[in-house]
Amino acid sequence: MIPALRVRRLFHALETYQGVDVFLTVVEPWLDEHTDAVREALAPLAAFGGWKRTEYEPGDPLETAYALSRVSDALIYKFQPLLPPGSDTFWAHDIHEPECWPQITRDQYLAAFARLGMAPIADVAFEPFFHEVVHVEQDDDPQAPVEITGTVWPGLMFGEMLFSRTGVTVRSGTRHLVAGIADQSPLHEVFMRRHRETLDGSLACGTNSQWNTDFRRDYLTDAAFHFAVDEDPDSDRDILGRPRRLTPAERSDLVRHRCLTRPLQDPDAWNSASPGGRLTLSRDPN
């Protein structure tokens, strides 16, 4: 059985579980049987530049990593805040009914992914590569830098590759993050969140084809942050040759944060804004 299918079956087991201890009865037995095969399948992705798709094969490392990211999203779902009262129910929530998903502890989550070769992201200052914004407390000073005020769920690295970002609450001036945008705008290239809309390649796909979605790869090296390495370079024009409506800074922020963080220079570009193109940023030597 290809590793991607093994992971997919774990997701469906989580989706249909109705017992009281999903970690003991579902997750641990699955790890006992499938850890070696899944780790071996993911291993080529651990180092920056270590693997590139040259010919498509079903269930390749990108599809295996995507399937595992959906398992991760299912297991951290109940760590997250509920949608605000009166919010619309997102399409993805209607499809997957995630409120029925089981809950595990933070320690169980970290233990499960440690067996698959993942390491938790350390406590570091706010950086979009490492951190996903769950809630923004607006500072009275518009210039105030982003400060982490709490952790909602842990993030994970797989060697040099980012597997999942740490969910955090922050305090920030409007120059950096705007409350109601940075924490509520649609989150791109993410399968599911409890508290906000998400958009990934699986939506609008069939039962089987949704699993052909590729995992977005971001890497941390000594010299740089590498975002969306499997994409073509960013361009001032879209795939149809039309000028992009976002400024270069807005496009960079959207790739780094996977969401909009502030009002756009062209408000009419809001509904069509999506990440585009890989991005490499030098690391701050300090």
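Two strands are taken to pair if DSSP finds at least two bridges between them, and helices (H or I, at least four residues) and strands (E, at least two) are DSSP runs numbered from the N terminus. The model is predicted, so that local features need pLDDT of at least 70 and side-chain atom pairs count only at pLDDT 80 or more, while totals for chains, interfaces and linings use all residues. Residues are numbered from 1 along each chain as its sequence is written, and side-chain values use heavy atoms, with hydrogens and water left out.

**Exercise 1. Describe the open sheet of three strands and state which strands stand at its edges.**

Step 1. The strand order is 2-6-3, and the pairing is mixed.

Step 2. Strand 2 (131-138) and strand 3 (147-153) each have a single partner strand, so one side of each is left without a neighbour in the sheet, and these two are the edges.

Step 3. Direction ignored, neighbouring strands of this sheet are turned by 25 degrees against each other on average.

Step 4. Strand 2 and strand 6 (residues 166-172) run parallel and are joined by seven bridges; V133, for instance, has V168 in strand 6 as its bridge partner.

**Exercise 2. Classify the packing of helix 2 against helix 5 and list the residues that make the contact.**

Step 1. Two packed helices are described by the angle between their axes and the distance between the axes.

Step 2. Axes are lines fitted to C-alpha atoms, for helices over the stretch in contact, with angles running from 0 to 180 degrees between N-to-C directions. The axes of helix 2 (residues 22-42) and helix 5 (residues 106-115) come within 9 Å and cross at roughly 25 degrees.

Step 3. Helix 2 and helix 5 are therefore roughly parallel to each other, a class that takes in angles under 35 degrees.

Step 4. With contact meaning heavy atoms within 4.5 Å, helix 2 contributes F23, V27, E28, L31, D32, T35 and R39, and helix 5 contributes Q108, A112, A114 and R115.

**Exercise 3. Identify which residues of the largest nonpolar core touch the most other members, and which elements supply it.**

Step 1. A nonpolar core is a set of buried Ala, Val, Leu, Ile, Met, Phe, Trp, Tyr and Cys residues joined through side-chain atoms within 4.5 Å; buried means under 20% relative accessible area, exposed over 50%, and partly exposed in between (1.4 Å probe, protein chains only).

Step 2. Of the 45 residues in the largest core, L14, L42, L68, V71, Y109, F113 and M118 touch the most other members.

Step 3. At least two residues each come from helix 1 (3-16), helix 2, helix 3 (61-76), helix 5, strand 4 (156-158) and strand 5 (161-164), and the largest share, nine residues, comes from helix 3.

Step 4. Leaving aside neighbours within four places in sequence, L42 is in contact with P61, T64, A65, L68, M118 and F158.

Notes
Angles under 35 degrees count as roughly parallel, over 145 as roughly antiparallel, 65 to 115 as roughly perpendicular and the rest as oblique.
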